Amino acid sequence: MPNYTVTVATGTQWFAGTDDYIYITLVGSEGCSERTLLDKPLYNDFERGAVDSYDISVGEDLGEIQLVKIEKKKYWVHDDWYCKYITVKTPYGDYIEFPCFRWLVDDKEVILRDGRARLPQHEKTGVAKQHRRKELEQRQKIYRWKEWHPGFPMSIDAKAHSELPRDIQFDSEKGVDFVLNYSKAIENLYVNQFMHMFQSSWGDFADFERIFMRIKNTISEYVMEHWKEDFMFGYQFLNGCNPVVISKCTEIPDKFPVTQKIIEDSLERGLTLEEELKEGNLFIADYELLDGVTPNATDPCTLQYLAAPICLLYKNSQNKIMPIAIQLSQKPGEDNPIFIPTDDEYDWLLAKIWVRSSDFHVHQTVTHLLRTHLISEVFGIALFRQLPAVHPVFKLLLPHIRFTIAINTKAREQLICECGLFDKANGTGGGGHVELVQKSMKTFTYRSLCFPEAIKARGMDSQEDLPYYFYRDDGCSVWKAVTSFVTDVVDIYYDKDETVQQDEEVQAFVKDVCSFGMQDCDYCEFPKSLQTKEQLVEYLTIVIFTASAQHAAVNFGQFDWCSWIPNSPPTMRKPPPTKKGEVDLKYVVESLPDRGRSCWHLGAVWALSQFQENELFLGMYPDEHFIEKPVKEAMVKFRKNLAEVVKVIKSRNEGKKLPYYYFSPDRIPNSVAV
């Protein structure tokens, strides 16, 4: 009788093992094995991390093994099981790998294909075609689109993390409990004695150091010491938390009536304003998105305010970016003065603080939430709905949407929901953050996710003009490495452009993103189809880069740049000044967040800046979804290219007081998971 040896690997994560009954059926081209219980006498099968082997005898040769069916049945109570992979050794000594990497819950069955990636048009058997179709039909019932707010990208249809499919949940929900993590952060930072002191103002700037005791971080300490200085203010537009707002100024907008006379004291080269514009030495940061957004009114005891400032910046003779003019609202007029560096000390300082606070809101809600978290969730949902596990694009992208839908669902459950944690300390809480996303969606385009194009569109692409724009330089290096890797993988499975056009599943994936995920917005310009290999490479690069590198660049620096409260106030408690010469230190301090909001903010930026336990960084693919040697070789090459980027960044940062490392691949998690 022919004998097959089946090897089953159980996951290593918490609660991966099971005491339930596990059955297996081998489906071959010539027949099927009987449904067989995998059980060894006097042995505890399927323990966490175990690799167990079983012999299965059949009446006659099954031919080529096409499918493996696994079933889990309740023993005492339902006990979820995480299966990593199954290997089948045939009577002829051949080994066939069946990657699984999924949970079996309740009385569930999973049908696996062998690990070779295949495009739909290359399937030869009816069994294989039917398996693809049934897998997608099943997934589309589970992964459903839902509109969380009008005008938002679509999200998963689940009200809570516990409602999500088990395969996309966190291994431990406790690890992503925002309330628990923020409270823990506040306790670890020794600021819990202040966390309930709402409405209680700090005495002066030095008083903020009372919640800065535990901070021994090079950058945040440096920020604390230099935050008032114009060079530090300007530097953050290039290499801080939100280095995506600044753009080259080619003409002064009518709404910002800056003249030669107003700023002549700040121009160093002896040129006129017009000449400086032509030379490319002027830059602008415009927070128009905040105009008209409703400030947080959830606390009747504390009025909170927002502004929509415009800031003009100047590249001086030392190539430093310096602020030279600030207007705090969009409409010019007598009650909207233009502040300049030669104004009274506290007038100028408060104007800069308002810009920093506005930058914080745009960063959190647009740069971070919308343009990394929410868009990555769209890609993730469409991936599960339209691409079966055997598709090479599914295998390629799956590690880059790991836990993304889960973290976003948890955020909607605890953080950005009505009366959520976001309302506690943020000036856009209570609904302003929703308005901000809705406004941002009207200018959100597919091309803006293409990193080199986004840099060029802002006129920030010249290394000669801006030699210290490390966000641009490092981002382009990582983009190049990801593009090279994606190209290598695409070349393995797609021999020509027609192969892309004929791939119905990848076309359905792209269409689902545009038509459902982005709600078919005309202005977003997301493609509904892909015609060439080049277009496919760019699309997949955007998905991977956005979820990994871009998220890392705008997320993990939050504690560095935002922990010193005056440098990034999450809310303001006094309205923007409408006249010069009326502001003193007391007014500035009373404008800043109170003790309670400061502590919640500090806990938030600390928690958001932490890597996950057992984090997987860019290039790390421990789950072997691909079994083909050429793909594994492409992964080795990818890791080598990333290591070169790490080396260059590390060398440049040596001896710097303000190192820039947010795009260093050894600090870039594979996916949006925090």
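Reader: Leaving aside neighbours within four places in sequence, which residues is H551 in contact with?

Author: This is a predicted model. In it, H551 is in contact with H368, T372, H373, T546, F556, V672 and V674, once neighbours within four places in sequence are left aside.

Reader: Where is H551 found, and does it count as buried or exposed?

Author: H551 is found in helix α16. Its relative accessibility is 1%, so H551 counts as buried; the cut-off for that is under 20%.

Reader: Which residues does the UniProt annotation "binding site" cover?

Author: According to the unreviewed UniProt entry, the "binding site" annotation covers H368, H373 and H551. These residues are spread over 184 residues of sequence but cluster in space, with a largest C-alpha distance of 7.8 Å.

Reader: Where is the place of H373, and what is H373 in contact with?

Author: H373 is in helix α7. With neighbours within four places in sequence left aside, the contacts of H373 are H368, T404, I407, N408, H551, V672 and V674. H373 has 7% relative accessibility and therefore counts as buried.

Reader: Q550 also lies in α16. Is Q550 buried or exposed, and which residues is Q550 in contact with?

Author: Helix α16 spans residues 533-555 and includes Q550. The value for Q550 is 12% relative accessibility, so Q550 counts as buried. Beyond neighbours within four places in sequence, Q550 is in contact with V244, T372, F451, Y471, F545 and F663.

Reader: What is used to describe two packed helices?

Author: Two packed helices are described by the angle between their axes and by the distance between those axes. Take α7 and helix α15 (residues 504-517): they pack at about 135°, with axes 9 Å apart. That angle makes α7 oblique to α15. The crossing of α7 past α15 is right-handed.

Reader: Which residues make the contact between α7 and α15?

Author: On α7 the contact is made by V378, F379, A382, L383, R385 and Q386. On α15 it is made by E505, A508, F509, D512, V513 and G517.

Reader: At roughly what angle do helices α13 and α20 cross?

Author: The axes of α13 (residues 470-493) and α20 (residues 629-653) cross at roughly 170° and come within 9 Å. An angle over 145 degrees counts as roughly antiparallel, so α13 is roughly antiparallel to α20. Among the residues of α13 that meet α20 are F470, D474, S477, V478 and A481. The α20 residues in this contact include P630, V631, A634, M635 and F638.

Reader: Now the sheet. What order do the five strands of the open sheet have?

Author: The order is β11-β12-β13-β14-β15, and the pairing is antiparallel. Strands β11 (247-248) and β15 (338-339) stand at the edges; each has a single partner strand, so one side of each is left without a neighbour in the sheet. Helix α4 (residues 230-239) packs on the sheet and touches β12 (282-286), β13 and β14, with its direction at about 95° to that of β14.

Reader: How many bridges join β13 to β14, and how many residues lie between them in the hairpin?

Author: Six bridges join β13 (residues 310-315) to β14 (residues 321-327), and the two strands run antiparallel. The hairpin they form has five residues between the strands, and N319 in the turn has a positive phi of about 65°. Two of the pairs can be named: C311 has I326 of β14 as its bridge partner, and L312 has A325.

Reader: How many bridges join β14 to β15, and which residue of β15 is the bridge partner of I326?

Author: Two bridges join these antiparallel strands. The partner of I326 in β15 is F339.

Reader: Why is β14 described as largely enclosed?

Author: Six of the seven residues of β14 are buried, so the rest of the structure largely encloses the strand. Helix α7 (residues 345-386) lies across β13, β14 and β15, running at about 95° to β14.

How values were computed:
Residues are numbered from 1 along each chain as its sequence is written. This is a predicted model: local features need pLDDT of at least 70, side-chain atom pairs count only at pLDDT 80 or more; totals for chains, interfaces and linings use all residues. Side-chain values use heavy atoms; hydrogens and water are left out. Two strands pair if DSSP finds at least two bridges between them. Helices (H or I, at least four residues) and strands (E, at least two) are DSSP runs, numbered from the N terminus. Contact means heavy atoms within 4.5 Å. Axes are lines fitted to C-alpha atoms, for helices over the stretch in contact, and angles run from 0 to 180 degrees between N-to-C directions. Buried means under 20% relative accessible area, exposed over 50%, partly exposed in between (1.4 Å probe, protein chains only). UniProt positions are given in the numbering used here, feature names are shortened, and annotations may be inferred rather than shown by experiment. Angles under 35 degrees count as roughly parallel, over 145 as roughly antiparallel, 65 to 115 as roughly perpendicular and the rest as oblique. A crossing is left-handed if the near helix is turned anticlockwise from the far one by less than a right angle, and right-handed if clockwise.
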